[in-house]
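Here are a few friendly notes to read with the structure open beside you. Take the points one at a time and find each residue as you go.

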Amino acid sequence: MAINTNTAPYGSWKSPITANAVASGSSSVGMARVDQANPTRVYWIESRPQEGGRLVLLSKDVDDYSERTLRELTADSKWNVRTAVHEYGGGAYAVYGGLVVFSNWSDQGVYLVDTNKHDAVPMRIGEQNDKLRYA
């Protein structure tokens with residue numbers, strides 16, 4: 001049985017595996033936080049390559065290994081928990097007592113979501129000013 005081979009210059013060969021195919025298959029988790037007022041609850045950011053790299057905020061009870069207490073706090077595609085400020089440290093979100101404050105990528109606004117309410121919806125806090133950045 002003969003194997004077909006083609007010789008191509010370095011870096012010019014065609015591959016059936018694209019960068020998009022590789023990146024879209026894996027999401028990552030980061031920026032984990034424990035609510036100091038409620039240490040049985042953990043929060044984290046998950047990247048969603050299949051959604052254009054959107055960052056989603058999730059939370060879960062640490063003592064429950066099932067999916068029952070898993071909550072996707074920014075499920076709507078309009079939310080992307082990121083900030084444009086990176087030079088000064090900080091982060092895209094903070095949590096205390098079930099209250100989560102986060103920065104949304106599209107408008108760099110600051111939003112509050114009360115996770116003590118099961119169907120809580122993020123609401124804008126602070127003024128809208130394109131010259132301001134929050135971290």
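**Notes on rings, strands and charges**

1. Trp79 and Tyr111 are both buried (buried means under 20% relative accessible area, exposed over 50%, partly exposed in between, with a 1.4 Å probe and protein chains only). Before going further, please note that this is a predicted model, where local features need pLDDT of at least 70, side-chain atom pairs count only at pLDDT 80 or more, and totals for chains, interfaces and linings use all residues. Residues are numbered from 1 along each chain as its sequence is written, and side-chain values use heavy atoms, with hydrogens and water left out.

2. How do the rings of Phe102 and Tyr111 pair? Their centres are 5.7 Å apart and their planes are at 25°, so this pair is stacked. The rule is that rings of Phe, Tyr and Trp (its six-membered ring) pair if their centres lie within 6.5 Å; planes under 30 degrees apart count as stacked, over 60 as edge-to-face and the rest as tilted. Phe102 and Tyr111 are both buried, and together with Trp79 they form one aromatic cluster.

3. Now look at the strands, which are DSSP runs of E with at least two residues, numbered from the N terminus. An open sheet is built from 4 strands in the order β5-β6-β7-β8, with antiparallel pairing; two strands pair if DSSP finds at least two bridges between them. At the edges are β5 (93-96) and β8 (123-125), each pairing on one side only. Inside this order, β6 (residues 99-103) and β7 (residues 110-114) are joined over 5 bridges, and Val100 is opposite Val113 in β7.

4. Arg33 lies over the face of Tyr93, 4.8 Å from the ring centre, and the charged end of Arg82 is over the ring of Trp105, 4.1 Å from its centre. Here a charge sits over a ring if NZ of Lys or CZ of Arg is within 6 Å of the ring centre and within 35 degrees of the ring normal.

5. How many salt bridges are there in the whole structure? The search finds 7, each being a side-chain nitrogen of Lys or Arg within 4 Å of a carboxyl oxygen of Asp or Glu. Among them, Glu72 meets Arg48 at 3.4 Å, N to O. Glu72 lies in strand β4 and Arg48 in strand β2 (residues 41-48), so this pair ties together parts 24 residues apart in sequence. Arg48 is buried, at 9% relative accessible area, whereas Glu72 is partly exposed, at 35%.
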